[in-house]
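Look through the structure first, then follow the points below.

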Amino acid sequence: EGGDPNAALQLYEEAQKSAPDAREIAFDEGLAHYALGEFDKAREAFDRAAQGKTDALADDAIYSAGTCDHAEALADTKDPKKSIAKLEDAMQRYQSVLARDPSQPAARDAHYKASSLWRQLKQQMQQQQQQQSNQQNDSKENQDKQEQSQEQQKQDQQQNQEQKQQQQSESKQDQQQQEQQQ
C-alpha cells in the first residue's frame with residue numbers, strides 16, 4: 001500500500017508467468033489497476049480472482065469489482081443513466097457478497113451508499129425528464145400562441161383592407177352622387 005502501482009503491475013505480470021492460476025496475484029493486480037483508475041482492467045482482474053469460487057478471496061474480489069462500478073458511477077454523475085447502470089452493477093455485486101456473508105460490513109455499507117446514490121440519481125433523472133416535458137409543453141403553448149397571434153394579425157389586416165375597400169367604394173359612390181347632383 002502506498003507503493004507504485006505501475007511497478008507492482010510489472011511484478012504481478014512476472015509472477016503470473018510462473019503461477020498463472022494464482023488468484024491472489026489476480027486480486028493484487030486488480031488493486032493496482034484500481035489505484036491507477038483503470039476500472040475495466042481492475043474489474044477483469046477481480047473477476048479472475050473470484051473464478052466462481054465461494055471463499056473469502058472470491059468475496060473480496062466480487063466486492064472489489066463492485067467498488068470499480070461504484071467509482072465509475074461517482075466519477076460520471078453528469079450522465080445519470082450511465083451512473084445508474086453502474087450503480088446497479090455495483091449493488092448486484094455487493095448483494096452477491098452479502099448473500100454469502102450478511103455480516104460483511106464493507107459490502108453492507110457500500111450497498112447502502114450505492115443504493116442511496118442510485119435513488120438520488122433516479123429522482124434527478126425524473127426531475128430532468130419532467131422539466132424537459134414542461135419545457136416542451138411551454139414551447140408548444142408558445143408556438144400555438146404565436147400561431148394564433150399571427151392568424152389574428154392576418155384577420156385584422158384582412159378586415160382593415162376590407163374596411164378600406166368599403167370606405168373607398170363608399171367614397172366613390174359619394175363622389176358620383178355629388179357629380180350627378182351638380
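Start with Ala61, which touches Phe27, Phe46, Ala49 and Ala50, leaving out residues up to four places away in sequence. This is a predicted model.

**Nonpolar cores**
- The largest nonpolar core has 17 residues.
- Phe27, Phe46, Ala49, Ala50, Ala61 and Cys68 touch the most other members of this core.
- H4 gives the most, with seven residues.
- There is also a second, separate core of eleven residues, which includes Leu87, Met91, Ala114 and Met125.

**How H3 packs on H4**
- Two packed helices are described by the distance between their axes and the angle between them.
- The axes of H3 and H4 come within 8 Å and cross at roughly 165°.
- Angles over 145 degrees count as roughly antiparallel, so H3 is roughly antiparallel to H4.
- The crossing of H3 and H4 is left-handed.
- H3 brings Phe39, Asp40, Ala42, Arg43, Phe46, Asp47, Ala49 and Ala50 to the contact.
- H4 answers with residues including Leu57, Ala58, Ala61, Ile62, Ala65 and Cys68.
- By class, the contact of H3 with H4 has twelve nonpolar, one polar and five charged residues.

**How H4 packs on H5**
- The axes of H4 and H5 come within 8 Å and cross at roughly 160°.
- H4 and H5 are therefore roughly antiparallel to each other.
- H4 passes H5 in a left-handed crossing.
- On the H4 side, the residues that meet H5 include Asp59, Ile62, Tyr63, Ala65, Gly66 and Asp69.
- On the H5 side, the residues that meet H4 include Ser83, Lys86, Leu87, Ala90, Arg93 and Val97.
- The residues of the contact of H4 with H5 divide into eight nonpolar, five polar and seven charged.

**A closer look at Arg43**
- Arg43 lies in helix H3.
- Is Arg43 buried or exposed?
- Buried means under 20% relative accessible area. Arg43 has 9%, so Arg43 is buried.
- What is Arg43 in contact with, leaving aside its neighbours within four places in sequence?
- Arg43 is in contact with Ala65, Cys68, Asp69, Glu72, Lys86 and Arg93.
- Ala65, Cys68, Asp69 and Glu72 are among the H4 residues in the contact with H3.
- Lys86 and Arg93 are among the H5 residues that meet H4.

Terms used. Residues numbered from 1 in each chain as written. Predicted model: local features only at pLDDT ≥ 70, side-chain atom pairs only at ≥ 80, totals over all residues. Heavy atoms only, no water. Core = buried A, V, L, I, M, F, W, Y, C linked by side-chain atoms within 4.5 Å. Buried < 20%, exposed > 50% of the residue type's maximum accessible area, 1.4 Å probe, protein only. Helix = DSSP H or I, 4+ residues; strand = E, 2+ residues; numbered from the N terminus. Contact = heavy atoms within 4.5 Å. Axes fitted to C-alpha atoms, helices over the stretch in contact; angles between N-to-C directions. Parallel < 35°, antiparallel > 145°, perpendicular 65-115°, else oblique. Left-handed = near helix turned anticlockwise from the far one by under 90°. Nonpolar A, V, L, I, M, F, W, Y, C, P; charged D, E, K, R; others polar.
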